[in-house]
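Subject: Structure handover

Hello,

Here is the structure for you to look over. My notes on the helix packing and the sheet follow below it.

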Amino acid sequence: MSDAKKMAHSSLDQLKALTTVVADTGDFEAMKTFKPTDATTNPSLIFAAAGMPAYQKLIDDAVTYAKNLGGTELQKINNAMDKVCVNFGMEILKIIPGRVSTEVDARLSFDIDGMVKKARALIKLYEDAGISKERILIKLSSTWEGVEAARRLESEFGIHCNMTLIFNFYQAVACANAGATLISPFVGRILDWYVKNTDQKSFEPLEDPGVKSVTKIYNYYKKFGFKTVVMGASFRNTGEILGLAGCDLLTISPALLDKLSQSTDTVEQHLSAKAASVIDMEEVEVTEQKFRWEMNEDVMANDKLSEGIRKFTQDALKLEKVLKDKLAV
């Protein structure tokens with residue numbers, strides 16, 4: 001391809017040639033516009049979408065479903081929450097060719113059995129609607145308990161897991177050891193912590209601490225042949241995204257997808273399995289004790305994991321309030 005022809009393609013098109021692009025949104029129109037392969041949601045995104053008139057039918061359907069099932073008020077709320085998450089997932093699957101991620105309630109982040117039970121319930125709702133579990137990724141918080149829940153879901157039930165809220169190398173290694181299908185390291189939130197807690201307020205893309213963290217994880221996975229794939233997430237700017245060109249997947253917000261689609265800057269590949277294979281790295285063992293110690297020693301990762309669980313919980317509670325009010329009518 002000539003330079004002139006290459007420059008005619010948007011940065012987004014060039015990125016898609018190197019990396020699977022995933023839409024980080026609950027907005028179906030954005031998915032139709034940017035045509036990602038996969039999509040990911042969480043309570044924050046669904047709560048935001050739930051306030052839009054276009055999506056009221058998905059909320060109302062979940063409320064009707066919960067009312068028909070009956071039970072206590074708490075059971076109705078739980079059933080409506082599960083159904084609304086699946087309703088959004090089903091609509092997304094009509095738009096994208098790949099998989100959708102559906103998140104387990106963050107309040108279960110330290111409950112292995114609770115996460116496994118909730119994941120199986122979500123998969124059953126999809127299967128009852130005719131959707132194969134192969135098109136679903138169950139999102140779990142990457143606590144030690146989340147890692148163990150993923151191990152059980154993957155090995156015992158063939159349920160594919162997306163490990164979210166990854167901020168630390170040892171978290172990522174533990175997820176790979178557990179056989180998780182995919183991990184979501186949060187690039188932008190790592191940057192946020194460094195900007196807030198250090199004297200340095202800006203970074204070049206390849207020196208961005210979030211980009212460096214994901215690069216190390218990606219190289220480790222490829223070097224030692226782990227099947228778990230890496231999906232960089234939570235970006236603050238296009239520089240972070242392009243600094244990870246070549247990563248297995250990148251999940252990107254509509255605003256940043258739009259910026260990339262408007263740009264014709266040349267995209268260079270920074271990550272590749274071939275390059276990773278010759279990097280000098282040693283394989284590490286991550287026991288529960290090692291995991292907990294390394295997280296304790298990593299102030300950034302400890303802070304951001306806890307904060308992430310709290311934030312997802314807050315938005316889940318807001319979504320519950322919407323459903324509770326509708327159930328009362």
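Start with helices H7 and H8. Ile112, Asp113, Met115, Val116, Ala119 and Arg120 in H7 meet Glu145, Gly146, Glu148, Ala149, Arg152, Leu153 and Phe157 in H8. Contact here means heavy atoms within 4.5 Å. By class, this contact holds seven nonpolar, one polar and five charged residues. Nonpolar covers Ala, Val, Leu, Ile, Met, Phe, Trp, Tyr, Cys and Pro; charged covers Asp, Glu, Lys and Arg; the others, Gly among them, are polar.

Two points on provenance. This is a predicted model: local features need pLDDT of at least 70, side-chain atom pairs count only at pLDDT 80 or more, and totals for chains, interfaces and linings use all residues. Residues are numbered from 1 along each chain as its sequence is written, and side-chain values use heavy atoms, with hydrogens and water left out.

**Helix pairs**

H7 spans residues 112-128, and its axis comes within 8 Å of that of H8. The two cross at roughly 45 degrees. Axes are lines fitted to C-alpha atoms, for helices over the stretch in contact, and angles run from 0 to 180 degrees between N-to-C directions. H7 and H8 are therefore oblique to each other. Angles under 35 degrees count as roughly parallel, over 145 as roughly antiparallel, 65 to 115 as roughly perpendicular, and the rest as oblique. The crossing of H7 and H8 is right-handed. Right-handed means that the near helix is turned clockwise from the far one by less than a right angle; anticlockwise is left-handed. Helices (H or I, at least four residues) and strands (E, at least two) are DSSP runs, numbered from the N terminus.

H8 (residues 144-157) also meets H15 (residues 288-297), with axes within 10 Å and a crossing of roughly 140 degrees. That pair is therefore oblique too. Trp144, Glu145 and Val147 of H8 touch Glu288, Phe291 and Arg292 of H15.

Next, H4 (residues 43-50) and H16. Their axes come within 8 Å and cross at roughly 35 degrees. This crossing is left-handed. On the H4 side are Pro43, Ser44, Ile46, Phe47 and Ala50; on the H16 side are Lys311, Phe312, Asp315, Ala316, Lys318, Leu319 and Val322. Eight of these residues are nonpolar, one is polar and three are charged.

**The barrel**

Eight strands form a closed barrel, in the order E1-E2-E3-E4-E5-E6-E7-E8, with parallel pairing. From one strand to the next, the twist averages 30 degrees. H16 (residues 299-327) packs on the sheet, touching E3 (100-103), E4 (136-141) and E5; its direction makes about 115 degrees with that of E5.

Strands count as paired if DSSP finds at least two bridges between them. Some examples:

- E1 (residues 20-24) pairs with E8 (residues 249-252) in the parallel sense over four bridges. Ala23 has Ile252 as its partner in E8.
- E1 is joined to E2 (residues 38-40) by three bridges, also parallel. Asp24 stands opposite Thr40 in E2.
- E5 (residues 161-166) and E6 (residues 182-185) run parallel, with three bridges. Asn162 is partnered by Leu182 in E6.

E1, H3 (residues 28-34) and E2 make a right-handed β-α-β unit. Here, with the strands pointing away from the viewer, the path from the first strand over the helix to the second runs clockwise.

Best wishes
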